[in-house]
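Student: Could you go through this structure with me, starting with the overall picture and then the details?

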Amino acid sequence: MTRDRRGTSEESHIDIVPIGWVDALAVSVVAANLQTLIGLNAATLPSHPDPEYAYLPLRSQYAAGAIIKALESIDDGSRFKLGIVKCDLCTPILKFVFGESQLGGKAAVISLHRLMDKDSARTYLRAAKIGLHETGHLLGIGHCRTPDCLMAFVSNIEKLDGLPSRFCTACKYEISRSLKHIFGRD
Ligand SMILES: [Zn+2]
Ligand SMILES: [Zn+2]
């Protein structure tokens, strides 16, 4: 049986890349959530070394954009990369970010730095939400005005904790459309 190439293309897949020392359980929880809520099979790659190339001495933080560039340059044939770091991330215009992504691009990064709680289950849940949000951006989904959608713009931890772990109907639809377009998934 012959099928259009798209119909038989690679499975829906994302590589998760721990960068520097990262809590392995946090990585697994992020992976499991990508699988359950988006339907992306998440494989964890071996850890990368600390991202010294991204360090900004004047800010004592790490440039999210530089880490994304490094992730993009990994050429293993896989469409998406999600980096996870423990260090504090920033961008040229934001004092800090929980995560950063390229809209419709190849790579995103999330940081556990500002997500830490003494209740580690809460830390993991926060990481999962940020991972889902940034992956949504990779799939081309912008910020959502529905306040209880994972694609809502979140700038502080209280807002993040108040968010349920779900996408609104419109974003869910856009995500499945995007997956179908990219991976030829039904
Ligand atoms: Zn966002
Ligand atoms: Zn939404």
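**Overall picture**

Student: How much of the protein chain counts as buried?

Tutor: This is a predicted model. In it, 37% of the 186 residues of the protein chain count as buried.

Student: And what is the chain built from, in helices and strands?

Tutor: The protein chain has five helices and eight strands. Along the sequence they follow the pattern β-α-β-β-β-α-β-β-β-β-α-α-α.

Student: What radius of gyration does the chain have, and what would a compact globule have?

Tutor: A compact globule with 186 residues would have a radius of gyration near 16 Å, and the protein chain has 16 Å, so the two agree. Along the principal axes, the C-alpha atoms fill a box of roughly 60 × 35 × 30 Å.

Student: Let us turn to the strands. What is the order of the open sheet of three strands?

Tutor: The order is β3-β4-β6, with mixed pairing. The edge strands are β3 (55–56) and β6 (89–90), each of which pairs on one side only. Strand β4 (residues 61–63) runs parallel to β6, and two bridges join them. Across that pair, Tyr 62 stands opposite Leu 89 in β6.

Student: Which helix packs on that sheet?

Tutor: Helix α2 (residues 64–72) does, and it touches β4 and β6. The direction of α2 makes about 50° with that of β4.

Student: Which residues of α2 are buried?

Tutor: They are Ala 64, Ile 67, Ile 68 and Leu 71. Seen down the axis of α2, the buried residues fall within an arc of 100°, so they line one face of the helix. What covers them includes β1 (13–18), β5 (81–85), β7 (99–101) and β8 (107–111), as well as β4 and β6.

Student: What about β8: which residues lie on each side of it?

Tutor: Ala 107, Val 109 and Ser 111 are on one side, while Ala 108 and Ile 110 are on the other. In a regular strand, side chains alternate between the two faces of the sheet. Five of the five residues of β8 are buried, so the strand is largely enclosed by the rest of the structure.

Student: How do β5 and β7 pair with β8, parallel or antiparallel?

Tutor: β5 pairs with β8 in the parallel sense over five bridges, whereas β7 runs antiparallel to β8, joined by three bridges. Leu 82 stands opposite Ala 108 in β8, and Glu 100 stands opposite Val 109 in β8. The hairpin of β7 and β8 has five residues between the strands, and Gly 104 there takes a positive phi near 70°.

Student: Changing topic, how far does helix α1 reach?

Tutor: Helix α1 (residues 24–38) reaches 21 Å from its first C-alpha to its last, close to the 21 Å expected for its 15 residues at 1.5 Å a residue. After α1 comes Gly 39, with a positive phi near 85°.

Student: What do the buried residues of α1 pack against?

Tutor: They pack against β1, β2 (41–44), β5, α3 (120–138) and α5 (169–183). The buried residues of α1 include Val 27, Val 30, Leu 34 and Ile 38.

Conventions. Residues numbered from 1 in each chain as written. Chains lettered and ligands numbered in written order. Predicted model: local features only at pLDDT ≥ 70, side-chain atom pairs only at ≥ 80, totals over all residues. Helix = DSSP H or I, 4+ residues; strand = E, 2+ residues; numbered from the N terminus. Rg over C-alpha atoms; globule rule 2.2 N^0.38 Å. Buried ≥ 20, exposed ≤ 12 C-beta atoms within 10 Å, placed from the backbone. Pairing = 2+ DSSP bridges. Contact = placed C-beta atoms within 7 Å. Axes fitted to C-alpha atoms, helices over the stretch in contact; angles between N-to-C directions. Arc of directions from axis to C-beta. Expected span 1.5 Å × (residues − 1).
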